[in-house]
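User: I have a structure open and would like to go through it in pieces. Can we start with how some of the helices meet?

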Amino acid sequence: MDKQQREAWYLYHQQKYGIPVEYLRREYERELAGQNPMDAPLEIPDKMEVFYKYSYGQQSRFFRELRENQAVYGAKCPQCSKVYCPPRAHCSQCYKPTEWVKLKGTGIIKACTVQHYTTSAFIKKVPFICAYVQLDGTDFLLMTNMEVEDVSKIGVGTRVKAAFRENRHGTITDFYFKPLE
Amino acid sequence: MRDVAIVGMGTTKFKSRWVDKTYYELAFDAAKMALEDAGLEKDRIDCAVYGIYNDFFQRQYQPDAFVHDYLGLGLKPMVRVNSGGATGGAALRIGYAEVASGLYDVCLVLGVEKCADTYNYEMKMSTPEVLRAILYTADMTYDNPAGRTAASGFALAVVAHRDKFGNPTEEQMAKVSVKNHFNATKNPLAQSPKVLTVEEVMNSRMIVEPFKFYDNCLYTEGSSAVILASREVAERITDKPVWISGLGASADYVMPGNRPNIYTFESSRLAARKAYAMAGVKDPLQDLDLAELHDAFTGTEIMAYEDCFFCEEGQGGSLIDDGTVMPDGQLPVNLSGGLIGCGHAVGATGIMQTYEVALHLRGEAGRRQKKGARRGLVQSIGGTLCTWTVCLVLER
């Protein structure tokens, strides 16, 4: 490929995949300039992507309450009294339909670690806390991350409270936990 | 049920990247080796079970169909198994059932995994994108948005275990890392042969507390295959069959809120108990000659000592301190180097572990051969805080 063709190749792939031209040039200039032998492995940029209009099904109210009312709800089994949060429409032991119960939003950390490395989607947030929280009034664990000034002050037994974000989208990240003073 | 033997096996080298092969080309290499080892033509295969974990890694949904086609096994029945890190073990379980049930006489069980075709252009490396692909196996509604990794899930369990029992200590975990990296120096297939010191492991950078860099396995590409056959066929075609004498499996609640605690892996304990009962193993420490345990992380290898009943609950750390699990110890663990030393090519891993134990039972393990090995254990685990466990007891 001549220089003009290479630049067109970079622009096309930047538009298609959102990868900046400078990164593409770094990875592919040698190949596009014809410096690789014909039998050498040929690498190409690619991406797997699917769009959704995902239904929360019978958990829909949980997310609507988060978004509209800044409230955290659990789901209580009328038979064994177990309260699930994350909620589920049926108790997985009794197979009975659960009932919605409004929670206070306070809870306690039951398991805790600190991530210093993670996926490309979260790598800019390290170090952060990765923890299981049991919300008061529930019998279940909720996976959460916490971005705090001093990770060493957070541990098993730390009391936490849900705080809501100003912009809420009907996702679990509409709220986050912060330590209870 | 009919007796089932491993009559052939093959594995590619475990490497950080096989840039010159696609996943089905890698699978082809392992299948060819296994067939040659068994002395069988491909048309003797009655059915196939493929262990392939992550479709994003392969850049292909239903990758099993393309493996099957490339291996020239058209019109033979096959099924793909995906049980996270336990995919290889789970594939062996299904293959065992195919033959033991009498449905088929000869079954190819093949695991394959690519991963490092995923790539983060900004960071110029694969790992963060590999982790991102894995995160799609966390609950998408509640867990995925928290940005956790496989390591942080298992770290939560190891921390809980340490809080309850006082071990594994950082030093005990470092000793496991030193052992497995060193064992890998004697395995020509291994990805990470290294002579490390405990200090080097403990001073390596923190990944997720309490795991430092060398406490973690790396991501690996590779393929491993075994050919399973009924006793009737096995005795006709080979004089060195390796028998699957015990098999146990369990799948725990993936949401740890549904479990009584997270400091032990109940699925592992159940799977081991079941495999031992089937094989007649009474005292694992006495009755087993070697074990390949799923050491995705050093701390979970130590938990596996307990979960496989090599010691009392809470005593796991003592087995690395007293040398029981060292190459010259009473029950060597991960002579292959394990996932940390040999590598973790997810779908292939459980089959690589099985290959390793079978190699020792056949007396073909070269410089790392466990002398006189008659019986060994394979443990294959995977999923959030060990959702799945499959245990196999192999005998010659």
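User: Which residues in α4(B) meet which residues in α15(B)?

Analyst: Note that this is a predicted model. From α4(B), the residues are Thr87(B), Gly88(B), Gly89(B), Ala91(B) and Leu92(B). They meet Val346(B), Gly347(B), Ala348(B), Thr349(B), Gly350(B), Ile351(B) and Thr354(B) in α15(B).

User: Charged, polar or nonpolar, by class?

Analyst: The contact of α4(B) with α15(B) has 7 polar and 5 nonpolar residues, and no charged ones.

User: And at what angle do those two helices pack?

Analyst: About 65°, and the axes of α4(B) and α15(B) are 5 Å apart. Roughly perpendicular covers 65 to 115 degrees, so α4(B) counts as roughly perpendicular to α15(B).

User: What does Val109(B) touch?

Analyst: Leaving out residues up to four places away in sequence, Val109(B) touches Val49(B), Ala91(B), Leu92(B), Gly95(B), Ala225(B), Val226(B), Leu228(B) and Ile351(B). Val109(B) is also among the residues with the most contacts inside the largest nonpolar core, along with Ala27(B) and Leu228(B).

User: How many residues are in that core, and which helix gives the largest share?

Analyst: The core has 168 residues. Helix α1 of chain B, residues 23–38, gives the largest share, with 10 residues. In soluble globular proteins, nonpolar side chains tend to be buried together.

User: Switching to chain A. Is α1(A) well covered or hardly covered?

Analyst: Hardly covered: of the 15 residues in α1(A), the count of buried ones is 1. After α1(A) comes Gly18(A), with a positive phi near 75°.

User: Back to chain B. Leu75(B) has a positive phi too; where does it lie?

Analyst: Leu75(B) lies in the loop between α3 and β3 of chain B. Its phi is near 75°.

User: What about Leu385(B)?

Analyst: Leu385(B) has a positive phi of about 45° although it is not a glycine. Its loop runs between β10 and β11 of chain B.

User: Are those two leucines buried or exposed?

Analyst: Leu75(B) is exposed, because it has 5 C-beta neighbours inside 10 Å. Leu385(B) is buried, because 25 other C-beta atoms lie within 10 Å.

User: Last one: how many residues does each chain put into the contact between them?

Analyst: Chain B puts in 35 residues and chain A 34. On the side of chain B, α6(B) gives the most, with 6 residues. By class, that side has 19 nonpolar, 7 polar and 9 charged residues.

Methods. Residues numbered from 1 in each chain as written. Chains lettered and ligands numbered in written order. Predicted model: local features only at pLDDT ≥ 70, side-chain atom pairs only at ≥ 80, totals over all residues. Axes fitted to C-alpha atoms, helices over the stretch in contact; angles between N-to-C directions. Helix = DSSP H or I, 4+ residues; strand = E, 2+ residues; numbered from the N terminus. Parallel < 35°, antiparallel > 145°, perpendicular 65-115°, else oblique. Contact = placed C-beta atoms within 7 Å. Nonpolar A, V, L, I, M, F, W, Y, C, P; charged D, E, K, R; others polar. Core = buried A, V, L, I, M, F, W, Y, C linked by C-beta atoms within 7 Å. Buried ≥ 20, exposed ≤ 12 C-beta atoms within 10 Å, placed from the backbone.
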